[in-house]
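Student: I'd like to learn how to read a model like this one, feature by feature. Can we walk through it together?

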Amino acid sequence: MASFPVISLEKINGEERAAVLEQIKDACENWGFFELVNHGIAPEFMDKVEKLTKEHYRKCMEQRFNEMVASKGLEAVQSEIDDLDWESTFFLRHLPISNISEIPDLDQEYREVMREFAAKLEVLAEELLDLLCENLGLEKGYLKKAFCGSKGPTFGTKVSNYPPCPKPDLIKGLRAHTDAGGIILLFQDDKVSGLQLLKDGEWVDVPPMRHSIVINIGDQLEVITNGRYKSVMHRVIAQTDGTRMSLASFYNPGSDAVIYPAPALVEKDGCQQLYPKFVFEDYMKLYAGVKFQAKEPRFEAFKNTATLGQIATA
């Protein structure tokens, strides 16, 4: 099997632009994931984000997690747990309206740094969407516009820590799923591994790499590209040693954005429209109940809305 794609953006605006675009195209078509280096976010700034995130976990989240584990008796489980994940998380919303000032227990420096980090990631996400447009033959800005809705895109960061787990064979750090949204930008721990994606029927490690940003395709990009790019099942394997940090930022459509295959791609491919049209918020309501199930029934549900209730309760 080919090695996991690692792509440098350093020469995207130089003579090697075509080669970098080809690497991105291959990764999107064949992996649904790739790892970005030289992406424009300063290593020193990323070190600060990591330091403050880990300090916040130790100071404010670790004891709560340990109390949850004790209350559920998770350290003594004897059979596989399939209804929860071995993770400690909170969620920061950036767009359309930030909630960072409302999250309890964050010190002021951490709030300010995460605001700045979100702004940098927003710029990177939109740059990547335009590179995807270029590869797909869509006009510049098409994907961002498709995500906009009436209030612009939705953008937020899931801040997660995956503590040492005594029974990693019985409890997943995060169960297998595809991401519902648009494009995902992940800043992950460079020492403690655990993220895996499903490729050709095998689970493949996403290598921890210092100062990289891991990119993956969400369900909405699969729909808009009419299946040319596909979202991929991935999971987090809990580890017996070390706490793994994960900052996953989701650049998603606005809640009222109408999502459907780009007509130019359907016409260019000379094929039928393979995915339905739907409102992103409706998709998310369905996804919430079936996140850890196969994605295909979610798409099928919107081809025949009469089946929506059946799938949501299945």
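Predicted model: local features only at pLDDT ≥ 70, side-chain atom pairs only at ≥ 80, totals over all residues.

Student: Is aspartate 190 buried or exposed?

Tutor: Aspartate 190 is buried, at 18% relative accessible area. Lysine 191, on the other hand, is exposed, at 65%.

Student: And what do aspartate 190 and lysine 191 form?

Tutor: Side chains of opposite charge can pair when their charged atoms come close. The rule for a salt bridge is a side-chain nitrogen of Lys or Arg within 4 Å of a carboxyl oxygen of Asp or Glu. Aspartate 190 and lysine 191 meet it, with their closest N and O atoms 3.2 Å apart. Salt bridges with shared partners also link Asp47, Asp190, Lys191 and Arg210 into one network.

Student: How many salt bridges does the count come to?

Tutor: The count is 20 salt bridges. One of them pairs lysine 120 with glutamate 116, closest N and O atoms 3.7 Å apart. Those two are four residues apart in helix H3, so about one helical turn separates them. Both are partly exposed: lysine 120 at 31% and glutamate 116 at 39%.

Student: Which residue forms a salt bridge with glutamate 29?

Tutor: That's lysine 25, with the closest N and O atoms 3.4 Å apart. Glutamate 29 is partly exposed at 34%, and so is lysine 25 at 26%.

Student: How do I read helix H1 itself?

Tutor: Helices (H or I, at least four residues) and strands (E, at least two) are DSSP runs, numbered from the N terminus. The expected span of a helix is 1.5 Å times one less than its number of residues. H1 (residues 17–30) has 14 residues and reaches 20 Å from first C-alpha to last, close to the 20 Å expected. Glycine 32 follows H1, with a positive phi near 75 degrees.

Student: Which residues of H1 are buried?

Tutor: Val20, Leu21, Ile24, Ala27 and Cys28. They cover an arc of only 125 degrees around the axis, so they lie on the same side of H1; the arc is that of the directions from the helix axis to the C-beta atoms. Contact means heavy atoms within 4.5 Å, and the cover over these buried residues includes E1, strand E2 (33–37), helix H3 (108–136) and E9.

Student: What about the sheet?

Tutor: Two strands pair if DSSP finds at least two bridges between them. Here seven strands make an open sheet in the order E1-E2-E9-E6-E11-E4-E3, with mixed pairing. Strands E1 (6–8) and E3 (88–95) are at the edges, each with a single partner strand, so one side of each has no neighbour in the sheet.

Student: How many bridges join E4 to E11?

Tutor: Nine, between residues 154–162 of E4 and 244–252 of E11, and the two strands run antiparallel. In E11, arginine 244 is the bridge partner of tyrosine 162.

Notes:
Residues numbered from 1 in each chain as written. Heavy atoms only, no water. Buried < 20%, exposed > 50% of the residue type's maximum accessible area, 1.4 Å probe, protein only.
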